[in-house]
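Please read the following report alongside the sequence and the coordinates.

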Amino acid sequence: MRRLLLFAAMAAVAHGEIHTMSLKQVVDRALTQNPEIVMARIDQQKAADAVGIAKDPFSPHLNVGSGLAYSNGFPLSIEGSAPAVFQAKANQSLFNRPQTFALAQARENARGASFASGSRRDDVVYRVVTLFIDVDRAGRLSDAARKQADSLQKVLESADARVQAGRDLPIVKQEASVNLLRARQRLLGLASDRDYGERSLAVALGYGAGDIVRPAEEERGPVAIPDTEEAALQVAFSGNKELKRLESNYQAKALEIKGSRAQRLPRVELVAQYALLTKYSNYDQYFAKFQRNNGQLGASIQVPLLGGSAWKATLAQGEDDRQHLRSEMEAQRNKISLDVHQSFLEMQKATLAGQLAKAELDLAHEQLSVLLARMNEGRASLKDVEEARFAEDEKWIAFQDSQFNAEKARLSILRQTGELSVALQ
């Protein structure tokens, strides 16, 4: 078994680099290098760029060029303009309520994208942190399982000696052999979980699949959480980024509906033109007066009269979307309430389990001490001592599990309140 684990460790080193990191270092790297967070930042930037696109009609546009052409007969237009040596056109929206609401909607979408990015960031941080805890758990429990396997090996050797001496039945040796195989299977499972977890953690932090991220040895204190479930709910309802994203989407949809209703309002656009003409385009033959420099400044006014059936259908779809978002927000609030309640229950259960596991661990330690004293007096066998040592390791494993479960429950509460990333940095 030791050779197998050593071979696995050597293979891991040969194929990738080992990164030993603390929990804070893991969180810091995840916030900058995790692929999902990087993509979320790109989506947030795209939403911010959409504001500039929606604002474009209210910015002045100027196009210059030439429409010079040879005319035979009456001077015709080229793309709607008279043939000119040089021409310039400028336009800018002055009053366009649909586009105004579209700009407001784009800004609200950009705000919602920031909440979406924050929600994705919290989800990734929670997954990375829980993965870190699982890897740490597997590593620590592997050490305990290895001690158990060593103890059971000694139990098997003692049982074999007693069977050979005729002091025990062969079934005692068989039981010891089964227990040893069970311990080795458990050790191999923990080692496999640790290896996969370390590689998964490396990928989540932006490293290659062949690399390994190993938790550094450190004492992690409990993270601060709200004192009561009610206080946690208040913080969650005001700070949960997923709920804020839905609320922002609801506001954006309201602006979209207002923009649809504004489609029936007039639109005013500033228009300016300049053209430098030449007499070789036959203007002097067909018009009473020819002028080389020509300019025009005015406003283009459009008044929609008939909007068609799509206008009402668009409004109806917008209202349907708002109802859908309202239902999503209510469902999200209920989910937050249930998740916070469940996390507090899990924390209470883990706390009580930790107290029980600590008491049982202390009891197992005292029982082992008594057996060691009896063995020195010749009143207890090595088999009894090793079995007690195995029981103590079992209680230690249960105690460690309760600590990890309590830590996860506290992190889950912070995830719901939207304060996870801040608390771990």
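## Confidence

Over residues 4-8 of this predicted model, pLDDT (the predictor's confidence in each residue, from 0 to 100) stays under 50, and for this stretch the model has four contacts (heavy atoms within 4.5 Å) beyond four places in sequence. Where pLDDT is low, the predicted coordinates should not be read in detail. For the chain, the mean pLDDT is 86, with 96% of residues at 70 or more.

Residues are numbered from 1 along each chain as its sequence is written, and side-chain values use heavy atoms, without hydrogens or water. In this predicted model, local features need pLDDT of at least 70 and side-chain atom pairs count only at pLDDT 80 or more, whereas totals for chains, interfaces and linings use all residues.

## Helix packing

Helices here are DSSP runs (H or I, at least four residues), numbered from the N terminus. The axes of H2 and H4, which are lines fitted to C-alpha atoms over the stretch in contact, with angles from 0 to 180 degrees between N-to-C directions, come within 10 Å and cross at roughly 145°. Leu-23, Val-26, Val-27, Ala-30 and Leu-31 of H2 meet Arg-121, Val-125, Val-128, Val-129 and Phe-132 of H4; by class, this contact has nine nonpolar, no polar and one charged residues.

H6 and H9 pack with axes 10 Å apart, at an angle of about 145°. Among the residues that meet there are Leu-233 and Phe-237 in H6, and Ile-336 and Phe-344 in H9.

## Nonpolar cores

A nonpolar core is a set of buried Ala, Val, Leu, Ile, Met, Phe, Trp, Tyr and Cys residues joined through side-chain atoms within 4.5 Å; buried means under 20% relative accessible area, with a 1.4 Å probe and protein chains only. The largest core has 40 residues, of which Val-26, Val-128, Val-129, Leu-205, Leu-411 and Leu-424 touch the most other members. H4 gives the most to this core, with seven residues.

Leaving out residues up to four places away in sequence, Val-129 touches Leu-23, Val-27, Leu-411 and Leu-424. A second, separate core of nine residues includes Val-155, Val-172, Leu-180 and Ala-183.

## Ser-119

Ser-119 lies in helix H4, which spans residues 97-164, and counts as buried because its relative accessibility is 9%. Apart from neighbours within four places in sequence, Ser-119 is in contact with Lys-241 and Glu-242.

Terms used: Helices (H or I, at least four residues) and strands (E, at least two) are DSSP runs, numbered from the N terminus. Buried means under 20% relative accessible area, exposed over 50%, partly exposed in between (1.4 Å probe, protein chains only). Ala, Val, Leu, Ile, Met, Phe, Trp, Tyr, Cys and Pro count as nonpolar, Asp, Glu, Lys and Arg as charged, and the others, Gly among them, as polar.
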